[in-house]
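Please have the sequence and the structure open while reading.

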Amino acid sequence: MKTLVEIKKIREEKRKELDLRVNLKASTKEKHILVCRGTGCTSSKSPQIIENFRKILKEKNIENVRVIQTGCFGLCAKGPIVIIRPEDTFYAMVKPEDCEEIINTHIIEGKKVERLLCKDVDEKLVDRLDELNFYKKQKRIALKNCGVIDPENIDEYIAFDGYKALEKVLTSMSQDDVIKEVTDSGLRGRGGAGFPTGKKWMFTKMAEGDQKYVVCNADEGDPGAFMDRSILEGDPHCVIEAMMIAGYAVGASKGYIYVRAEYPIAVKRFQKAIDQAKDYGILGKNIWGTNFSFDLEIRLGAGAFVCGEETALLESIEGRRGQPRLKPPFPANAGLWQKPTLINNVETYANITKIILNGAKWYSSIGTETSKGTKVFALGGNVVNIGLVEVPMGTTLREIVFDIGGGIPNGHNFKAAQTGGPSGGCIPAQHLDTPIDYESLGAIGSMMGSGGLIVMDDTKCMVNLAKFYLGFTVDESCGKCTPCRIGTRRMLEILEKITKGSGTMEDLQNLEDLANNIKKASVCGLGQTAPNPVLSTIKYFKDEYIAHIKDKKCPAGECKALAKVTIDPEKCKGCGICKRQCPVNAITGETKSPHKIDPSVCIKCGACVEKCPFKAISK
Amino acid sequence: MSETCKCECGGKDPKLEEILNKYEQDKSNLIQILNEVQEYYGYVPMKAQEAISKYLDMEMAEIYGVITFYSRFTLKPKGKYNVAVCLGTACFVKGSEKLLDTAKEALKIKEGETTADGKFSLEATRCIGACGLAPVFTVNDEVYGKATPELMKKVIEEYKNRE
Amino acid sequence: MSENKEKICLTIDGKQVEVEKGATILEAARKANIDIPTLCFLKEINEIGDCRMCLVEVEGRRGFATSCIQKAEEGMIVKTNTPAIIEARKTVLDLILSNHQRDCLTCVRNGNCELQRLAEEFGVTGIKYNGKVQSHDIDEKSASIVRNFNKCVLCRRCVATCKNVQGIGAIACINRGFESCISTVGEKSLADVNCVLCGQCIEACPVGALTEKDSTEEVWKALRDDDKYVVVQTAPAVRVALGEEFGMEIGTNVTGKMVSALKRLGFNKVFDTNTGADFTIMEEGTEFIERLNNNGVLPMITSCSPGWINYCEKNYPDQLAHLSSCKSPHTMFGAIIKSYFAEKNNIDPSKIFVVSVMPCVAKKYEITRDDMAGTGYPDVDAVITTRELARMIKQARIDFTSLEDETFDNPMGEATGAGAIFGTTGGVMEAALRTVAEVVTGEKLEKLDFNDVRGKEGIKKASVKLAGKEIKVAVASGLSNAKKIMDEVRAGTADYQFVEIMACPGGCVMGGGQPIHSSKERATIDIRKKRADSLYTADEKSTIRKSHENPILQKIYKDYLGEPGGHKAHELLHTSYDKQEKYKEI
């Protein structure tokens, strides 16, 4: 148990000790080697890197250098990432066997290990993190502590203003003050629909009930989004603190965080954070001698996308199949066990402490007229800098994809970006300058969603992409209501027919009609948005659909059934490489004379296309 | 994860009892208990379902309904080596379907199946959150990032040669 | 219901409607005679809004509203039939049909199917969407219920009935998405799980996914067999429901027409199970007095309902001593037919084929139990439900509604009003009290109606003074109510001496073998009351209203059985119970 005074003391002392983490001009002999321990870098052996660093430092008796595990730095494509502070040197794609060299060259000799420095998009070697284009246009609020602190150490969190917002709330603000601050900030739900957060808090506060609950939705289901996971892994305490502030504001004494069981690192760190907070007396009864008590529990998901829908999530917490409830009543009035319940997602909570500490005015000065603050995107697909980015609302898609993301690799062109995951839509090149905010994305047939942003180059077939998303929805539909249960399946079947070349124009019309009716008639957000990927691709890439139907061609060459692999006899030198690559022996030909492909045998796998040294084979 | 079912031996499995006793006899704990049972046995055996049914005073059909709703719970043991190919969007766009096709061919099973010798099972999973490494696949807890069909072939061969 | 409930006013399709606060949009619309289609809705049982047929538009609200759940609000402006709504409903219907085994011509629900009706109303003339159709094995293993989930529309009315009304939970929705289906644990047969075969799920099913196991073929076969002497008996609840299958008003008593139809079908004798019920009263009453006087196990619980017996054997195997050892009326009567009647009429009992027409599907299972052959021959050879009898009558092209009334065959056809009320909850208790009271006190009862045990409540309690002793009784119908009583019995806190339990809510009139009514009829008509009232009227009109006064009974006891509860009576009319595993082969 720690008193408020003791916590303040920890903050002061620890802050001094950790100054070199953020004050890059700090003059100190100490160095901190920060190693990313997010899921991505952990998968590529960052724990081994930490171990090696520590071992070598010990062997060499180096005492003024500490190795710290941190959350995600964001630039996952370059992982595992090692950053050395205060000089802010950024080493990319580090292997465990590189540790020795980093210690010898960087720490002992004071020189950079050039071969491990990060190359920017313009091929320029960058030796400091803040010089990378990737970071230049970003503004980190929700991700502020990610990659800076050791998420498993509560003192490090406290050092960087941790639990200071809670202190402010409990000691100097009324419930209404807190709600007003959140309302005035303009913060809107980061989980997808963008409902004003302050309003939600107000509804829950006003609802009558002897027991109220605060829930954190960490069931990050959008395949391709991982910001919530990164926050839980990199800064778990900020979510705990925000949930407590929410609990105070709405009058709840119990919180649940619903996390995907597929996120073991996040679950482990969050549990550790809860334990530490309890240990410090931050979570518990009569916190810091006030009347406010708060208890927090983790509930694991078990692999169902629909549980990201708030009422399905409640059903799941209660131990049932994750089938959404009909709204109204809304969770604010009848949520967990029919009690008033506030549900926000991880990223929404991650903004709260900053709003309380810096004020609504500061927060609402960032962003656009209707969408305030920043938004974290998981940038993926055919883009150079895959990773996590946080940008002010209103940043254009072009800035994200090209300035931050570094554009499209391998000389291909941008074709579309997909936001909002299975609920969102595809945005074509003509809308690249759309400022990213809730309304603008909605207006062009997509949605903010949880922040997955997948970039596609010109080799991607939009019909196939729509099919991919529908396949996802069909798998993840809970089966409760008819339109979603049967309708999405029928849509998928029509798309399969089209991508196989047996679709008709009538099918296309049926597909569109069905999509519109499913949107209107489904019970929950999953069904109501499931047709979006189809509708938006029909809207922007109808010619591609028609090409599949009328010309029996897949312009992007992705749809296998429509692909025809041919060898250009002019270019073929008869080297035989393709023949050896072919898994089904569809290629014949004498050495040094043009080869041929038997289309009845060919499975259109494309292996020959990739391997042909003369680019004689096309698909 | 165990290779053989620990509970069909007839007697009560003390570990199962231990899992149950950790939780209050409250229906809302069902999914938490199932997660632990799945983790421990590698699937949710019928005997465990029966024990949970008694412990939580729930009918078995309802428990079965919950198990079959969530994709993490399985009714049959997985193979010793579970190959899981991520079909999240980021991986899909980077060609993870080809990885799945390669694995199917190499293992001669479809997704969701286990090889006859019980050594391998194949699974198509949703985003595992390693989008920076796309496309990825995993074999048990080992993650293989920026994978190619060749890597898949190589890795499966390696595991085939293991015990 | 309180009389001064707050009223609200709303507009539906331009019509002003006033309803009580708390009413749904659907209820309000129905009040204004505006028909909104439904499929998954089953009033007070399944209000989940899943099927999406009942969508309506509410002015100022985003998206459609689910009228079966969402409450009507003051000033609300609702539209139920805009082109957009009709299109959405039509799409929903097209989707359901695309995943439905459409063998309507050969479906047992042909003509009484809510889906078929909707297809007709919506003018569906073709199948718009083609694709994968669900494919499940048909479960025909149990003696009572057939499940063909290729016809299932996932309305979950059966699940809600099984779990919430009956408290069984044998079935649940399993899997997810398109693969969702209603099944049991491990997708086993109903015969191998905690199902008690009450058949309430069949009554709830809007389509042909759940049906009784058909026994009409067996009966036709027996009727065709010149070597067989085919006797039919009909349970009390059948006569107040059979007419519904021929378009007659719910609850019409069609005893005369029914007997007439059975005779035309070629049965050698048509008897009344009410007589069997009189035997039950004699035996059960005697057993009760015996237990009461000799410190036997109390409370004694009735055993006429095989669904209840199944439930007790599966869930309260430690409490079986409370069950009366009496067989149910029709098996008692079957045993009498194959013994006394056979002897009297010089018929080889092996040639007698007894058919019971029952409001119940569990009775089909009951006759397969051990110990159901008091004479060495099966007490009853086939059980058909009210619905199956109606089908046989239709097959024989008998114009039911214009039949002349005929009477049951004598001498076994005579029965009392006490037997008749067996068909409704509280009836067995009331009939037993009439007899027990007179036997114990030796005095004639002046008032025969025991109103405390009548009515729709799931649990009714009453106390009766008998020869200075106060006898407390309880009556429960529906198995979730039975559970409440049994938990008291198990805990030793049950303060009653005699308990009647019926598996089906409302008793046999609402049995799982009775004519099936649509969700709308169930919501707007009190079917139970109409049928039960009809039985009470029959009782009132009876000349003899007490079982022990039935002359044929008195004769059979005197000439053949000896004393009620005596050796011979035990051999023929009593049975025993055993623990049943709730789940088999798990």
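In this predicted model, helix H9 (residues 175–185) of chain A and helix H12 (residues 236–250) of chain A have axes that come within 7 Å and cross at roughly 120°. Angles of 65 to 115 degrees count as roughly perpendicular and those over 145 as roughly antiparallel, so H9(A) is oblique to H12(A). The crossing in which H9(A) passes H12(A) is left-handed.

Which residues of H9(A) and H12(A) meet? From H9(A) there are Gln175(A), Val178(A) and Ile179(A), and from H12(A) there are Ile245(A), Tyr248(A) and Ala249(A). Sorted by class, the contact of H9(A) with H12(A) holds five nonpolar residues, one polar residue and no charged residues.

The table lists their residue ranges.

| Domain of chain A | Residues |
|---|---|
| domain 1 | 4–136 |
| domain 2 | 162–364 |
| domain 3 | 374–457 |
| domain 4 | 462–550 |
| domain 5 | 564–618 |

Between the C-alpha centres of domain 3 of chain A and domain 5 of chain A the distance is 37 Å.

Chain A also touches chain B: 38 residues of chain A are in contact with 31 residues of chain B. On the side of chain A that touches chain B, at least two residues each come from helix H3 (39–43), strand S9 (295–300), helix H14 (310–317), strand S11 (374–381) and strand S15 (452–457) of chain A. By class, this side of chain A has 15 nonpolar, 16 polar and seven charged residues.

What does chain B itself contain? Chain B has seven helices and four strands. Read from the N terminus, the elements of chain B follow the order α-α-α-α-β-α-α-β-β-β-α. The C-alpha trace of chain B spans about 50 × 30 × 25 Å along its principal axes. Of the 163 residues in chain B, 50% are buried. If one takes the contacts in chain B between residues at least 6 apart in sequence, 60% of them join residues at least 24 apart.

The last topic is the contact between chain C and chain A. This contact takes 23 residues from chain A and 26 residues from chain C. On the side of chain C that touches chain A, helix H2 (residues 83–98) of chain C gives the most, with seven residues. The residues of that side of chain C comprise twelve nonpolar, nine polar and five charged.

How values were computed:
Residues numbered from 1 in each chain as written. Chains lettered and ligands numbered in written order. Predicted model: local features only at pLDDT ≥ 70, side-chain atom pairs only at ≥ 80, totals over all residues. Buried ≥ 20, exposed ≤ 12 C-beta atoms within 10 Å, placed from the backbone. Contact = placed C-beta atoms within 7 Å. Nonpolar A, V, L, I, M, F, W, Y, C, P; charged D, E, K, R; others polar. Axes fitted to C-alpha atoms, helices over the stretch in contact; angles between N-to-C directions. Parallel < 35°, antiparallel > 145°, perpendicular 65-115°, else oblique. Left-handed = near helix turned anticlockwise from the far one by under 90°. Domains from an automatic or database assignment.
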